Structure formats: C-alpha cells, structure tokens
Amino acid sequence: MQFGKSQIKKIYILCFVFLICCLLIISCGYEFVGSRPLTFNSVTIKPVRNDTFEPRLEERMHNALSNEFINQGIEVKSAGGDVTLESAINVFALGAIGAVDETIKEQEVVMHVDLKLISNGKVTEFKEMSSPIKITFQTTGTVSQSVANKEAATDKACMEIAKEIVSRTIIQYAK
C-alpha cells in the first residue's frame, strides 16, 4: 500500500500534534505521587507517653517506631531531627475472642496511639491510630505460655501501629 504526499503530510502533522501534547502534559508539572524525595531526612522521636497501666509499653512502641523509620531509610536522631514526633498510648486492652465452657481460649490486643508531627512550627495530629489488622493470641496452655503469647502479640501490635504511623508520616510529607 502506497501513501500519497497528502497522506504522509497528515501523518507528520498528527505526530507533531501528539508530540506537542505530550510536551505540554509533561511541562504542566504532573508527576507520580511519591516520585519526589521527602522534605525531611531525619526524625526525632520524643519519649512515648504511656497513659495505660501496661508496664514498659512505651519502650516497645519507641523501639518499633525507631525500627520502622530506619527500615524506610529515615535517620532517627535523639535531638535535632527535621521532624519531631510525639506520641501517647491512650488505650491498651485485651478482649476475649473465643471461649469454650466459659474459659477464654483466644484474646485480642487493642491499642490506640495519638500522634503529633512537628515540622517548622507546623503541627499535624493523628488521633486513635491502631493496627490495621486484628492481633490475637492463644491463652491456652500454661500461664507462662499465655504471658509469652501476650508479649509477642503486644510487640506485633506495636510494630503494626508503627508501620501505620510511618506510612502516614511519609504520605503527609510527600504531598
């Protein structure tokens, strides 16, 4: 199939128009979310406030937050970070999930954390952050096994909440 001069001219014009449209779209500032680097490279995590009666929960949450920020390539500083994070654990409870003959066999860890992000005088708050998944543990067996299961589930809840906090922090500053 042969093209005439007028058809070839039309193809060149269409290609030129397409190229101009592409250049206009690119030059308008459109970009993928998260394609820019974050506006901060380091974070200072203030001591976590534990408003519950669960002992040493603040240490676990602080460690989980530190580990998650480091996993995301963000430096954790004891002072002078680009962003300061203040957090408070407001709720820690165990809820019965399964029972047989009035004996609890499985429990759930319920934990809520309030968060403040402070950067250049701007304060952003997130209230009642919790794990996006249900964290449960078995209470069958010996008392020491049940306590060990509870400790492991508590650590898992801290890790999941820390992931949620870090994700929200990154999304907040990637905008």
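Cys 158 is buried, at a relative accessible area of 1%, whereas Cys 15 is partly exposed, at 46% relative accessibility; buried denotes under 20% relative accessible area, exposed over 50%, and partly exposed the range in between, with a 1.4 Å probe and protein chains only. Zero disulfides are present in the structure, a disulfide being a pair of cysteine sulfur atoms within 2.5 Å. The model is predicted: local features need pLDDT of at least 70 and side-chain atom pairs count only at pLDDT 80 or more, while totals for chains, interfaces and linings use all residues. Residues are numbered from 1 along each chain as its sequence is written, and side-chain values use heavy atoms, with hydrogens and water left out.

The largest nonpolar core comprises 31 residues; such a core is a set of buried Ala, Val, Leu, Ile, Met, Phe, Trp, Tyr and Cys residues joined through side-chain atoms within 4.5 Å. Met 61, Leu 65, Leu 85, Met 111 and Ile 165 have the most contacts inside this core. At least two core residues are supplied by each of strand E1 (42-45), helix H2 (57-71), E4, E5, E6, strand E7 (135-138) and helix H3 (143-174), and H3 gives the most, with eight residues. These elements are DSSP runs numbered from the N terminus, helices (H or I) having at least four residues and strands (E) at least two.

The largest pocket holds about 170 Å³ of space. On a 1 Å grid over the protein atoms alone, a pocket is an open set of points where a 1.4 Å probe fits, with protein on both sides within 12 Å along at least five of seven lines, and lining residues have an atom within 4 Å of a point. Among the lining residues are Pro 47, Arg 49, Glu 86, Ser 87, Asp 114 and Lys 127. Two or more lining residues come from each of strand E4 (83-100), strand E5 (103-119) and strand E6 (122-129), and E4 provides the largest share, four residues. The lining has three nonpolar, two polar and six charged residues; Ala, Val, Leu, Ile, Met, Phe, Trp, Tyr, Cys and Pro count as nonpolar, Asp, Glu, Lys and Arg as charged, and the others as polar.

Ser 87, a residue of the pocket lining, is found in strand E4 and is buried, at 5% relative accessible area. Its C-alpha lies 7.5 Å from that of Lys 46, at a sequence separation of 41 residues. Not counting residues up to four places away in sequence, Ser 87 touches Pro 47, Val 48, Arg 49, Leu 65, Val 113, Asp 114 and Leu 115.

Notes:
Points joined across faces, edges and corners; volume = space filled by probe spheres on them. Contact = heavy atoms within 4.5 Å.
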